[in-house]
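Here are my notes on this one, point by point. Have a look at the model first, then read on.

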Amino acid sequence: MLLQMNLCSSFSLKYHPLQQNGTVKTFHSPLTQLYGLANRRESNKYSVKGSIQSSFCLTNNKIGNNEDTMNRYHKPLKKSTVPMALQDDSATKSQNENIVSTSFLDFLTKKLDAFYRLSRPYAWTSIIVGILSYSLLPIQSLADLTPTFLIEPIVPTIMMNIFVVAINQLSDIAIDKVNKPNLPLVSGDISIGEAIAIAVISTLTSLAMGVMLRSPPLVIALILRCILGAAYSIDLPLLRWKASPLMAAVAIVIGTGINNVLPYFLHVQKYVLGRPVVFTKPLLFAVAFSAIFSIVLSFLKDIPDVEGDKKSGIRTLPVILGKERVLSMSTGILLMAYASAALAGVFSPILLCKLVTMIGHSVLGFILWSKAQTVDLSNAKSTYSFFIFIFQLYYTEFFLMHFVR
């Protein structure tokens with residue numbers, strides 16, 4: 001359609017040096033640019049037909065051979081062009097969603113890592129392996145084995161252990177700032193309120209699960225673990241047993257040496273298998289060895305904490321006797337225990353049990369002695385590595401105790 005417009009005297013298009021008479025110029029209407037983003041057609045162009053006269057017209061004729069400078073640099077919009085505002089809004093929204101998603105994942109990962117450090121999962125291994133081993137002591141044949149009764153006591157025990165380590169770290173924040181600044185309560189990765197909530201929830205969950213299993217020995221074991229853990233750590237009159245070497249040893253022997261063995265043995269023997277209670281030789285050996293290892297571990301775990309314990313006025317055995325004496329004493333106690341176990345194997349009536357008990361404990365005793373010679377007491381990593389090594393020896397004993405006959 002041809003749109004013509006004559007302006008008689010009010011406006012005249014002046015001659016440009018680059019323009020020749022009769023030349024057709026293409027003029028893109030602003031309205032075309034505004035509304036043509038969605039519906040523009042390449043063929044719909046408006047032209048300006050200029051002359052030296054005082055009139056001009058708009059037409060849709062094709063572009064002539066000569067174009068002016070402005071027309072040469074102007075590029076038509078394409079059909080695929082999307083409004084930049086919409087593109088920016090969409091990109092910004094997508095970026096914001098990605099940021100929120102990434103922030104949530106980072107927050108969740110950080111909290112899970114903090115919970116991992118709070119709960120000390122390395123102790124879970126001894127709980128899981130220990131319960132499985134003690135639960136197998138009453139087993140007389142493969143017909144007695146069922147997966148459920150082996151797994152059932154593990155979860156409530158781990159939940160109660162989370163309470164014990166949480167209450168310990170809540171009570172030792174000032175000490176851990178010196179000894180263990182990477183712990184979550186000291187570093188601020190977990191707040192005091194969050195740690196209290198974890199302690200309360202884990203305790204209630206543990207007791208509820210114990211009651212559901214309808215096993216008095218198991219419920220008593222969970223309650224005793226809770227009481228001993230609180231008495232060991234909480235700074236109240238007649239409590240805070242960790243400040244006294246004697247009371248700390250009593251708490252650990254009862255809590256780890258006896259409470260970790262007898263209740264689970266009785267749970268399986270009487271309340272799962274329905275048999276009368278009989279204290280067997282492997283059971284007595286397990287109680288004795290667990291008590292010995294518990295004492296040694298309680299001594300060794302305080303060696304890296306000497307500086308913080310001194311500042312806080314806690315008189316642990318390494319503070320009183322010194323690191324060197326405590327290390328020598330702990331190693332000597334375990335070596336005597338291994339020698340006693342090897343000697344007990346001599347009197348075993350079963351050849352396989354005799355050989356495994358004698359050779360196994362002799363080899364472990366030699367490895368312990370060799371490892372103790374390499375400990376650098378001035379290096380916290382070295383002492384902690386030796387502490388974890390003793391835990392590994394403890395795990396090995398869960399296997400060897402079944403050969404004591």
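1. Cys 353 counts as buried, at 8% relative accessibility, and Cys 226 is buried too, at 18%. Buried here means under 20% relative accessible area, exposed over 50% and partly exposed in between, with a 1.4 Å probe and protein chains only. The disulfide count comes to 0, taking a disulfide as a pair of cysteine sulfur atoms within 2.5 Å.

2. A word on the basis: this is a predicted model, where local features need pLDDT of at least 70, side-chain atom pairs count only at pLDDT 80 or more, and totals for chains, interfaces and linings use all residues. Residues are numbered from 1 along each chain as its sequence is written, and side-chain values use heavy atoms, with hydrogens and water left out.

3. Helices are DSSP runs of H or I, at least four residues, and strands are E runs of at least two, numbered from the N terminus.

4. What does Phe 386 contact, leaving aside neighbours within four places in sequence? Leu 300, Leu 327, Thr 331, Leu 368, Lys 371, Ala 372 and Val 375, with contact meaning heavy atoms within 4.5 Å.

5. Leu 351 sits in helix 17, residues 351–372, and is exposed at 57% relative accessible area.
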